[in-house]
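Please keep the viewer open as you go through the points.

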Amino acid sequence: IRPFVALGAALAKRGHDVELLYTGIGERGYQEGAASLGFTARGIASPVVDDPERVFAIGLKVINTRNQLQQGLIISRELLEPIAGPAYEAGLELARRSDLFIHHFILHPARAAADLARIPSITMAFAHMLVPSRRIHPSSTPRLGEWGNAIEWRLARFALNQTMLRGVNRLRARAGLPAFRDLLLDTYCDGLDPYAAEILAV
């Protein structure tokens, strides 16, 4: 959330009207901090988990799971999918009165809201590890050189599509939106051509 707070402050300083929607796993709120920086923040379906012991158990499970795909599945199942509906509804209301939508790459409900409202959206990712490129390999896979990297990215995309794409497309179908064919490229990379990402991965 904090990088979005910083981004909101920078945009507000430049004269833009900014509203931040966020979800959190704890009781911490960002309304007062955002107001002091010149923009509005509003919590949605927060806290996602209201039992501190369960939050600790989820965190421990993620830490103890070495496979990053499995970590992503845990996070999605426990922290994202339970709030997908409320996040989409709140996002749609905001998108319909906005000129631009900026969202975290994993928040597919926000992307659906922007698509339905037909406004431009920007996907934010704070690490390059999910941008396909011949120059880097997917996390938890061996270094096999440029051709090997390309093959590993295809396998990574297949794994993501088999495990997580169905839930994304279920929400898009409810919204009357066309299905995505590739979770990594269509959702996380916002339709970016994998080889157009080379310049980002240098």
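Axes here are lines fitted to C-alpha atoms, for helices over the stretch in contact, and angles run from 0 to 180 degrees between N-to-C directions. Helices (H or I, at least four residues) and strands (E, at least two) are DSSP runs, numbered from the N terminus. This is a predicted model, in which local features need pLDDT of at least 70 and side-chain atom pairs count only at pLDDT 80 or more, while totals for chains, interfaces and linings use all residues. Residues are numbered from 1 along each chain as its sequence is written, and side-chain values use heavy atoms, with hydrogens and water left out.

1. Let's start with helix H5 (residues 84-95) and helix H6 (residues 108-117), which pack at about 35° with their axes 8 Å apart. H5 passes H6 in a right-handed crossing (left-handed if the near helix is turned anticlockwise from the far one by less than a right angle, right-handed if clockwise). On the H5 side, the contact (heavy atoms within 4.5 Å) is made by Ala-84, Ala-87, Tyr-88, Gly-91, Leu-92 and Ala-95. H6 brings Pro-109, Ala-112, Ala-113, Ala-114, Leu-116 and Ala-117. By class, these residues divide into 11 nonpolar, 1 polar and no charged; here Ala, Val, Leu, Ile, Met, Phe, Trp, Tyr, Cys and Pro count as nonpolar, Asp, Glu, Lys and Arg as charged, and the others, Gly among them, as polar.

2. H6 also meets H8, with axes that come within 10 Å and cross at roughly 30°. That makes H6 roughly parallel to H8 (angles under 35 degrees count as roughly parallel, over 145 as roughly antiparallel, 65 to 115 as roughly perpendicular and the rest as oblique). The crossing of H6 past H8 is right-handed. His-108, Pro-109, Arg-111, Ala-112 and Asp-115 of H6 touch Gly-167, Val-168, Leu-171 and Arg-172 of H8. This contact has 4 nonpolar, 2 polar and 3 charged residues.

3. How do helix H3 (residues 52-63) and helix H4 (residues 68-80) cross, and at roughly what angle? Their axes come within 9 Å and cross at roughly 160°. That makes H3 roughly antiparallel to H4, and H3 passes H4 in a right-handed crossing. The contact includes Arg-54 and Ile-58 of H3 and Ile-74 and Glu-78 of H4. Its residues divide into 5 nonpolar, 1 polar and 4 charged.

4. Do look at the loop between strand E2 (40-43) and H3, where Pro-47 lies. A cis peptide bond joins Ser-46 and Pro-47, with omega about -5°. Ala-45 is in the loop between E2 and H3, and its phi is near 50°, a positive value in a residue other than glycine. Most residues other than glycine have a negative phi, and most peptide bonds are trans.

5. Finally, the second largest pocket is lined by 17 residues, of which Ser-76, Glu-81, Thr-163, Met-164 and Gly-167 lie nearest its centre. H4, helix H7 (145-163), helix H8 (165-174) and helix H9 (183-188) are the elements that give two or more residues to this lining. The lining has 7 nonpolar, 6 polar and 4 charged residues. On a 1 Å grid over the protein atoms alone, a pocket is an open set of points where a 1.4 Å probe fits, with protein on both sides within 12 Å along at least five of seven lines; lining residues have an atom within 4 Å of a point.
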